[in-house]
Amino acid sequence: MEIEKTKTKNRKPIPEDRGLGFGQYTTDHMFLMDYTPERGWHRPRIVPYCNLSLDPAAMIFHYNQEVFEGLKAYSLQDTDIGLFRPEMNLDRLNQSAKRMVMPTVPQAYFLQALKELISIDRGWVPTTAGTSLYIRPTMIATEAALGVRPSRSYLFYIILSPVGAYYPQGFNPTRIFVSDTYIRAVRGGAGEAKTSGNYGPTLYVSKEATANGYAQVLWLDGKENKYVEEVGTSNIFFYLNNELVTPPLNGTILPGITRDSVLRLAREWGLPVSERRISIEEVVQGIEDGSLQEVFASGTAAVISPVGQIGYKGTDHRVADGRTGDLAERFYEEITGIQYGHKPDPFGWRRLLSELVSERKR
Ligand SMILES: *Cc1c(COP(=O)(O)O)cnc(C)c1O
């Protein structure tokens with residue numbers, strides 16, 4: 001694939017690492033390519049970051065045919081840039097795309113696009129401990145047509161955003177709110193796809209939770225309102241009776257790459273692990289009788305996020321005195337150590353930007 005490049009003539013000021021926050025800034029360039037059934041993916045290009053021009057009838061605006069991903073690039077000590085399991089993000093993007101009747105993106109295209117885009121904007125990769133460059137690959141339906149059917153044309157793009165350290169002052173266990181009224185996904189729906197339609201409807205619930213001092217919403221299953229699914233845009237883990245428990249991937253929750261990494265590490269460390277259904281009553285019971293030792297969430301943004309309190313049916317239940325557990329800390333240290341290159345990488349998860357294969361066979 002030959003990527004056509006147009007460099008910006010108006011470089012934006014690069015913000016200081018300290019004030020980055022999450023997703024407030026975008027870099028100077030973006031990657032785009034188009035799809036039609038006749039030509040497949042074509043016109044791969046890197047251009048100055050700018051607005052998109054779309055017909056108001058473009059199908060993305062009406063029927064939500066969209067998928068996206070979230071991953072990060074890390075500044076390594078030896079001046080190279082690291083990525084964490086990017087092939088997993090592409091696999092998941094393609095799984096999401098199939099669910100939404102959208103075309104898949106070949107791995108070689110994806111990796112080459114990442115390599116060339118991040119290289120052109122590498123001055124934007126922040127270097128302070130804990131900071132990173134967030135990468136948002138996105139695919140949208142672009143055909144202008146009002147009937148409800150799959151679009152014939154698509155746009156795939158990648159934008160980049162320098163993001164701050166999630167825990168500049170160390171871990172801060174969060175309060176989470178269990179919704180027993182609203183649900184995120186049901187069996188047979190599209191809950192396991194990273195598609196925008198899964199997120200819009202959650203804003204109403206998280207607004208209410210935030211107004212009451214909670215950081216995130218913990219979702220229960222859509223059928224019985226009983227079994228824990230996930231929390232916000234993270235997967236959830238319980239350390240219960242010396243066993244690590246997480247809900248199974250049954251179609252309603254996102255198959256998190258951080259979740260998978262936690263499970264692989266836990267098994268490597270010889271920790272008993274169980275992917276099984278866990279009811280909110282079992283969680284509350286575990287808090288009351290002391291058998292629930294830790295609760296934490298996993299996701300690309302925060303990596304590991306310890307949960308200090310769970311609000312359910314009007315009562316706040318404090319998990320392990322509201323302190324960060326040792327296990328959460330251990331997973332955080334290990335995963336971020338691999339990401340930033342401070343620790344060995346026994347599973348081959350780290351990719352170096354300089355060595356990203358650009359023309360691998362499909
Ligand atoms: C992205 C996401 C996750 C976490 O996935 P990671 O690959 O670990 O970042 C979990 N749940 C939801 C709903 C998500 O959107």
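## Briefing: ligand shell, helices and aromatic pairs

Pro-247 sits in the loop that runs between strand E13 (243-246) and helix H5 (257-268). With a relative accessibility of 4%, Pro-247 counts as buried. Keep in mind that this is a predicted model.

**Ligand**

- The ligand has 15 residues around it, and Lys-194, Tyr-199, Glu-230, Thr-258 and Thr-300 come nearest.
- By type, that shell splits into three nonpolar, eight polar and four charged residues.
- On the oxygen side, a ligand oxygen atom is 2.7 Å from an N or O atom in the Lys-194 side chain, and a ligand oxygen atom is 2.6 Å from an N or O atom in the side chain of Thr-258.
- A ligand nitrogen atom, meanwhile, is 2.6 Å from an N or O atom in the side chain of Glu-230.
- How much of the ligand does the protein bury? Taken alone the ligand exposes 380 Å², and the protein buries 97% of that.

**Helix H7**

- H7 is mostly covered, with 10 of its 14 residues buried.
- Among those buried residues are Leu-327, Ala-328, Phe-331 and Tyr-332, and the list also includes the run Glu-334, Ile-335, Thr-336, Gly-337, Ile-338 and Gln-339.
- After H7 comes Gly-341, with a positive phi near 80 degrees.

- Helix H2 takes in residues 86-99; its 14 residues should span 20 Å at 1.5 Å a residue, and the end C-alpha atoms are 20 Å apart, which agrees.
- Which residues of H2 are buried? They are Pro-86, Glu-87, Asn-89, Leu-90, Arg-92, Leu-93, Asn-94, Ser-96 and Ala-97.
- One of those, Asn-89, uses its side chain for a polar contact with the side chain of Glu-69, at 2.8 Å.
- Glu-69 itself is in the loop between strand E4 (66-68) and strand E5 (71-75), and at 1% relative accessibility Glu-69 counts as buried.
- H2 is followed by Val-101, which has a positive phi near 55 degrees.

**Aromatic pairs**

- The count of aromatic pairs comes to 15.
- Take Phe-84 and Trp-349: their ring centres are 5.6 Å apart and their planes lie at 80 degrees, so this pair is edge-to-face.
- Phe-84 belongs to strand E6 (residues 81-84) and Trp-349 to the loop between H7 and strand E18 (350-352), so the pair ties together parts 265 residues apart in sequence.
- Phe-84 and Trp-349 are both buried.
- Phe-296 and Phe-331 have ring centres 5.7 Å apart and planes at 45 degrees, so that pair is tilted.
- Phe-296 is in strand E15 (residues 292-299) and Phe-331 in helix H7, so here the pair ties together parts 35 residues apart in sequence.
- Phe-296 is buried, at 0% relative accessibility, and Phe-331 is buried at 0% too.
- There is also an aromatic cluster made up of Phe-31, Tyr-35, Trp-41, Tyr-154 and Phe-156.

- Most residues other than glycine have a negative phi.
- Arg-43 is not a glycine, yet has a positive phi of about 55 degrees.
- Arg-43 lies in strand E3 (residues 40-48) and is partly exposed, with a relative accessible area of 44%.
- Thr-79 is another non-glycine residue with a positive phi, about 75 degrees.
- Is Thr-79 buried or exposed? Thr-79 counts as exposed, at 60% relative accessibility, and its place is the loop between E5 and E6.

**Loop residue Gly-164**

- Gly-164 is in the loop between strand E8 (154-163) and strand E9 (174-179).
- Its relative accessibility is 16%, so Gly-164 counts as buried.
- From C-alpha to C-alpha, Gly-164 and Thr-128 are 8.5 Å apart in space, and they are 36 residues apart in sequence.

Methods. Residues are numbered from 1 along each chain as its sequence is written. This is a predicted model: local features need pLDDT of at least 70, side-chain atom pairs count only at pLDDT 80 or more; totals for chains, interfaces and linings use all residues. Side-chain values use heavy atoms; hydrogens and water are left out. A residue is near a molecule or strand if one of its heavy atoms lies within 4 Å of it. A polar contact is a pair of N or O atoms within 3.5 Å; within protein, one must be able to donate a hydrogen and the other to accept it, and residues adjacent in sequence count only if both atoms are side-chain atoms. Accessible areas come from the Shrake-Rupley method with a 1.4 Å probe; for residues, only the protein chains shown count as cover. Ala, Val, Leu, Ile, Met, Phe, Trp, Tyr, Cys and Pro count as nonpolar, Asp, Glu, Lys and Arg as charged, and the others, Gly among them, as polar. Buried means under 20% relative accessible area, exposed over 50%, partly exposed in between (1.4 Å probe, protein chains only). Helices (H or I, at least four residues) and strands (E, at least two) are DSSP runs, numbered from the N terminus. Rings of Phe, Tyr and Trp (its six-membered ring) pair if their centres lie within 6.5 Å; planes under 30 degrees apart count as stacked, over 60 as edge-to-face and the rest as tilted. The expected span of a helix is 1.5 Å times one less than its number of residues.
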